[in-house]
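Look at the structure below.

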Amino acid sequence: MVDKKLRGMIPAVVTPLTKAGKLDKSALRWIIDSIMENGGNGVMVLGTTGEGPLHTREVAVDMIETSVELVGHRGVVIAGTTAVTMEQSMYYADSASSAGAAAVLTIPPFYFNLEDEEVVRYYTRYADRCRIPVMIYHMPSVSRRMIGLAAVKELSRHGNIRGIKDSSGNFLFFQELAGEFENNPDFSVFMGKALLIYSALAVGADGTMTPTGNLMPKLEQEIYRLFQSGDLEKARKVQGKLFRIFQEMNANGRDLGTTINGILSLRGITANCAPDYIEPLTMAEAERLNEKIYAILGEQSVSDDRNEKEMIWNERLASYRAGRIGH
C-alpha cells in the first residue's frame, strides 16, 4: 500500500516495441533512466500515451514488471489498467500488485455512456477488489462523459481510492478538483495535459502525469523548479515553449504515443514499431517535428551535425541499442 500522498512529476511513458512485437526493454530503460535522472518521481505506464488497451496481455504485463524493475527504489510506478470489462482490468491490476507497482490508474468501461452513479459503483467495486491503491483516470474523450465533482468526492472517501488524473482539458473542473482536495492527505490530484502543467501547479495540483518526460524531462522539471523557487515569470516562459511543442505534435494529427515513438526512433532510441494496425510515424514526419522542437527550444538539432548525435544523447545509448533492433 502507498502510505503517503502521491506527488510530483510522474510522466506517462510510451511502450516501445521491437519489430517482433515484444517489449523493447533497452529502449524502455533509456526512457526511464532519462526521466528518473532529471527529477522524475516515477513513471505511469500503459496509459493513453503508452497505448495500453492495444497491447497483448504478454506485452502489458511485461511493461509493468519491467518498469517496476527499472525504476527500482528511485520512485513509483503507476500502472494503467484500462479495459472494456472489469475482469480484464482486474487481471492487469493483479499483475501490477504482484510486480510491486504503487497504484493503478483506470478508466471505467468506455463502450457505453455510464451515468455518475454507475461510475461510482464501478470504481467502488474495483477498489474493493484491488490489492493496491486505485486512481481515477478522467478522460472524457475516451470515457464519453465528464465525471461530476460530487462523484469524485464520494469516491475519495473510499479508503483505497487515492487520487485522480484529470485529462479532460477542462481547467475550470481541474481548479475545482485542486481546491476541493487541497488539504486532503490521502487523495492526489494530477494534471494529465502537458499544455496545462504551469497552470495546474498554480492552482495547487499535487503533480503531473503528461507525456513530456519521454522527450523533454528536463523541461518539465524546470517548470517545477522555477515554480517552487518563486520565479513564476521564467516558469511561465518555459511552459510557453512546452505549449508550442505540443501544439506542433498535436497538429500532426497522430496520437501522441505514435508521434513520440517516431521522434525517439529518429534519435536512435526506439525501433518505431507500433502495436497491431497502428501505422508508425514516417521518418519524414519525425524529422519535421524534431526540427520544430529544436527550433522552439533554441538548441541545435541532431540533424544539424550527425557527428554530434552521440554527444547530444547519452553515451549509454550505444550500449542500450546493442542487439536490440530487429529482436
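An open sheet is formed by 8 strands in the order 1-8-7-6-5-4-3-2, with parallel pairing. Strands of a sheet pair through backbone hydrogen bonds, either parallel or antiparallel. Two strands count as paired if DSSP finds at least two bridges between them; strands (E, at least two residues) and helices (H or I, at least four residues) are DSSP runs, numbered from the N terminus. The edges are held by strand 1 (8-9) and strand 2 (42-45), and each has a single partner strand, so one side of each is left without a neighbour in the sheet. Strand 1 pairs with strand 8 (residues 207-208) in the parallel sense over 2 bridges. Gly8 is opposite Gly207 in strand 8.

This is a predicted model, in which local features need pLDDT of at least 70 and side-chain atom pairs count only at pLDDT 80 or more, while totals for chains, interfaces and linings use all residues. Residues are numbered from 1 along each chain as its sequence is written, and side-chain values use heavy atoms, with hydrogens and water left out.

Next come the helices. Helix 2 (residues 57-71) lies across strand 2 and strand 3 (76-80), and runs at about 170 degrees to strand 3. Angles run from 0 to 180 degrees between N-to-C directions, and axes are lines fitted to C-alpha atoms, for helices over the stretch in contact.

Two packed helices are described by the angle between their axes and the distance between the axes. For helix 3 (residues 86-99) and helix 4 (residues 116-129), the axes come within 11 Å and cross at roughly 35 degrees. Met86, Glu87, Ser89, Met90 and Ala93 of helix 3 make the contact with Tyr122, Arg125, Tyr126 and Arg129 of helix 4, where contact means heavy atoms within 4.5 Å. These residues divide into 5 nonpolar, 1 polar and 3 charged. Here Ala, Val, Leu, Ile, Met, Phe, Trp, Tyr, Cys and Pro count as nonpolar, Asp, Glu, Lys and Arg as charged, and the others, Gly among them, as polar.

What is the volume of the largest pocket? It is about 610 Å³. On a 1 Å grid over the protein atoms alone, a pocket is an open set of points with protein on both sides within 12 Å along at least five of seven lines, a cavity is a set where a 1.4 Å probe fits but cannot get out, and lining residues have an atom within 4 Å of a point. Grid points are joined across faces, edges and corners, and a volume is the space filled by probe spheres set on the points. Of the 30 residues lining the largest pocket, Thr48, Thr49, Tyr137, Met139 and Leu256 are the closest to its centre. The lining has 17 nonpolar, 8 polar and 5 charged residues.

The largest cavity has a volume of about 50 Å³.
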